[in-house]
Structure formats: C-alpha cells, structure tokens
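Dear colleague,

Please find below the structure that I am handing over to you, with its sequence. My findings follow directly after it.

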Amino acid sequence: MSQNATSRIPASTTNLGPGFDVLGLALQLYSTVSLEITDNDTEVIVSGVDVEKIPSTPDHIAFQAVKSIFDRSGKQLPNGLKLTIANGIPAIRGLGGSGTAILGGLLTANVLCGNPFSRPELLNFASALEGHPDNVAASMHGGLVISVKENDDIHTIQIPCDPALHVVLAIPEFTLSTKKARDILPKTVDFSDAIYNISRSSLLVASIATGKLDMLSIAMNDSLHQPYRSTLIPGFADVVAAATSAGALSIALSGAGPTIAAYCLDNMQEVGTQMQEAFKHNEIPCEIQILGIDREGAQVWSDGDS
Ligand code: HSE
C-alpha cells in the first residue's frame with residue numbers, strides 16, 4: 001500500500017451569476033496537498049498564500065477529509081500522518097479554497113487506503129463536507145461543470161469551453177465568509193426571480209456549449225443572490241461598470257464573493273486595471289489575476305507511480 005500521495009487541485013469560480021450552487025468553472029490556479037505516513041506525530045503544515053488565515057492543526061478541513069476516508073474505509077488512522085498544503089488560492093475570497101483542501105484530503109487519503117472509493121463517490125463526500133457541490137465538482141473535473149444533487153448523489157456534466165476564454169479576477173483584500181454571504185439571502189424567492197435565473201442559467205450553458213459567447217452579457221445576470229451579496233462588497237456596481245466599459249464579455253460575483261470575475265476574450269489587462277481602479281475609488285485594495293480555464297481537474301499521484 002502507498003505510504004504517500006500528492007494531489008494538485010484547481011481553484012474554482014462558481015455560480016457564474018445565475019447558476020447558484022449549480023455552475024462551477026475550474027481555474028488555472030492551484031493548491032497542492034500531500035499526505036504521508038511517518039514515524040513522527042501527526043502534523044499539518046500549511047505554506048503559500050494566506051497562511052495566517054488557515055489553521056495549521058488537525059482542525060484543518062483537509063485533515064477532517066483525510067479522517068473521513070479512513071473512517072469510511074474502516075481503516076485505523078495512522079499515528080504519524082504528515083499533511084502538507086501548499087496553498088496557491090486566496091482564502092475566504094470566493095475561489096473555492098476550502099473545496100480544494102477537502103478534495104486534496106479525500107484524494108490523497110483514498111490512495112493511502114488502497115483506493116477503496118471511486119471519483120464519483122469522492123465527489124459525493126466532498127459535496128457533503130462542503131455543503132454545496134458546485135466548487136468541488138468543478139475542481140474535481142475541470143472545465144465548466146453543471147452539478148445536480150439527487151438524494152445524496154452528485155450528478156455532473158462537463159461542458160468544453162473556448163480555450164480563448166479567460167477570467168479576470170479582482171480579489172479584494174478583505175474576506176467574506178460563505179456563511180455570512182449565505183445568511184444574507186432571503187429564505188424564499190419570487191416566481192419571477194426564479195424564472196429570471198432559470199432562463200439565464202440555461203442560456204449561459206448553451207452559450208458556452210455552442211461558442212456563442214456574445215450571449216454571456218445577458219446570460220450572466222442574476223436575481224437570486226448578487227442583489228443581496230453586493231451590499232457586502234463596497235464598489236460592486238462600480239467594478240462591474242468598469243469591467244464592462246473596458247470590454248469584458250460579462251461579469252459575475254465569484255462564488256459567494258467578495259472576488260468579482262470578468263469573462264474576456266481580449267483586453268484582459270485593461271479590464272483588470274479598470275476593475276482595480278474602481279475598487280480603489282471605493283478604498284478597497286485588490287489584487288488582479290488573469291487566469292485561463294483548467295481542463296484537467298484534480299490530479300493525484302503517489303511516489304511509486306511511474
Ligand atoms: N454556491 C456557493 C454560494 C459558493 O454561492 O454560496 C460558495 O463558495
């Protein structure tokens with residue numbers, strides 16, 4: 001049985017406007033999670049982006065994911081486990097960082113346990129730990145992923161995207177927890193708002209699938225969550241307006257925010273500069289990242305693999 005495993009998991013941006021808890025897109029930005037059986041005490045080591053925001057203890061969600069695989073497979077958790085996370089994803093900013101940690105823990109522990117679980121089973125476990133399937137489904141499969149929960153199972157379809165499509169992320173310095181961004185949402189929605197989102201979410205998937213990306217400007221609008229969440233993000237309307245005038249195809253909140261994602265075929269640098277300026281006018285420092293779409297999804301390997 002393998003004594004070590006390493007995984008590389010892409011970040012994700014989800015919802016894409018109307019596809020709340022359903023649509024996710026994997027991004028070319030990665031965290032690496034390694035798990036090793038050692039003769040020492042258990043340790044959790046975190047390095048990279050935002051280490052001060054992430055616990056370096058067995059409370060880390062990746063370690064909880066590791067434990068869940070040993071539990072489910074009926075194997076005893078080894079005394080000496082070394083979990084190493086090289087984090088490349090800004091934390092608590094709407095880029096699926098917790099989902100990458102969960103998948104990293106599940107995939108590496110699965111290898112150490114002798115691969116008892118299939119990828120669809122691991123995705124079900126990941127969604128249960130995360131509370132919604134969209135981030136983990138995109139990070140697992142890569143590309144644009146539609147995920148639907150039926151009973152306890154997550155059903156997914158991956159849609160190929162135009163390789164020229166890029167995402168310009170304006171990542172504010174402040175964090176916004178998913179819990180806070182979900183608590184602000186109403187408990188019920190108007191029928192007209194539901195239709196607004198169903199129509200746009202369907203159009204969005206069809207636009208990407210057929211390459212009719214000019215439709216995205218209409219397809220990425222949302223009535224279910226952004227109107228509420230934008231109140232938590234100073235400058236949201238200004239950043240959206242700035243990205244639109246700089247030539248973005250469409251703009252949406254990334255996941256629960258506060259990151260704002262602009263979708264572009266060109267003018268990426270200018271879109272980023274204008275989004276950053278708009279946040280700055282609202283006294284919000286932000287980092288810009290221009291990313292392509294990851295197509296490979298989560299990878300896992302062991303030292304013994306050729
Ligand atoms: N679909 C989730 C939400 C993503 O919008 O709350 C959170 O990362």
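In this predicted model, an N or O atom in the side chain of Arg229 lies 2.8 Å from an oxygen atom of the ligand. Two further residues make contacts of this kind. Arg182 places a polar side-chain atom 2.6 Å from a ligand oxygen atom, and for Asn15 the corresponding distance is 2.8 Å. On its own, the ligand has 260 Å² of accessible area, and the protein covers 97% of it.

As to location, the ligand sits in the largest pocket. Helix 4 (134-141) and helix 5 (178-183) are the elements that give two or more residues to the shell around it. The residues of that shell include Asp134 and Asn135 as well as Thr178 and Arg182. Also among them are Thr14, Phe20, Asp21, His132, Gly255 and Ala256.

I would also draw your attention to Ile89, which belongs to the loop that links strand 4 (81-87) with helix 2 (97-112). Is Ile89 buried or exposed? Its relative accessible area is 1%, and because buried means under 20%, Ile89 counts as buried. Leaving aside residues up to four places away in sequence, Ile89 touches Ile9, Ala11, Leu29, Tyr30, Ser31, Val49, Leu95, Gly97 and Thr100.

Finally, how far apart in space are Ile89 and Leu77? Their C-alpha atoms are 28 Å apart, while in sequence the two residues are separated by twelve positions.

Yours sincerely,
A colleague

Note on methods: Residues are numbered from 1 along each chain as its sequence is written. This is a predicted model: local features need pLDDT of at least 70, side-chain atom pairs count only at pLDDT 80 or more; totals for chains, interfaces and linings use all residues. Side-chain values use heavy atoms; hydrogens and water are left out. Helices (H or I, at least four residues) and strands (E, at least two) are DSSP runs, numbered from the N terminus. Buried means under 20% relative accessible area, exposed over 50%, partly exposed in between (1.4 Å probe, protein chains only). Contact means heavy atoms within 4.5 Å. A residue is near a molecule or strand if one of its heavy atoms lies within 4 Å of it. A polar contact is a pair of N or O atoms within 3.5 Å; within protein, one must be able to donate a hydrogen and the other to accept it, and residues adjacent in sequence count only if both atoms are side-chain atoms. Accessible areas come from the Shrake-Rupley method with a 1.4 Å probe; for residues, only the protein chains shown count as cover. On a 1 Å grid over the protein atoms alone, a cavity is a set of points where a 1.4 Å probe fits but cannot get out, and a pocket is an open set with protein on both sides within 12 Å along at least five of seven lines; lining residues have an atom within 4 Å of a point. A molecule sits in a cavity or pocket if more than half of its atoms lie within 2 Å of its grid points.
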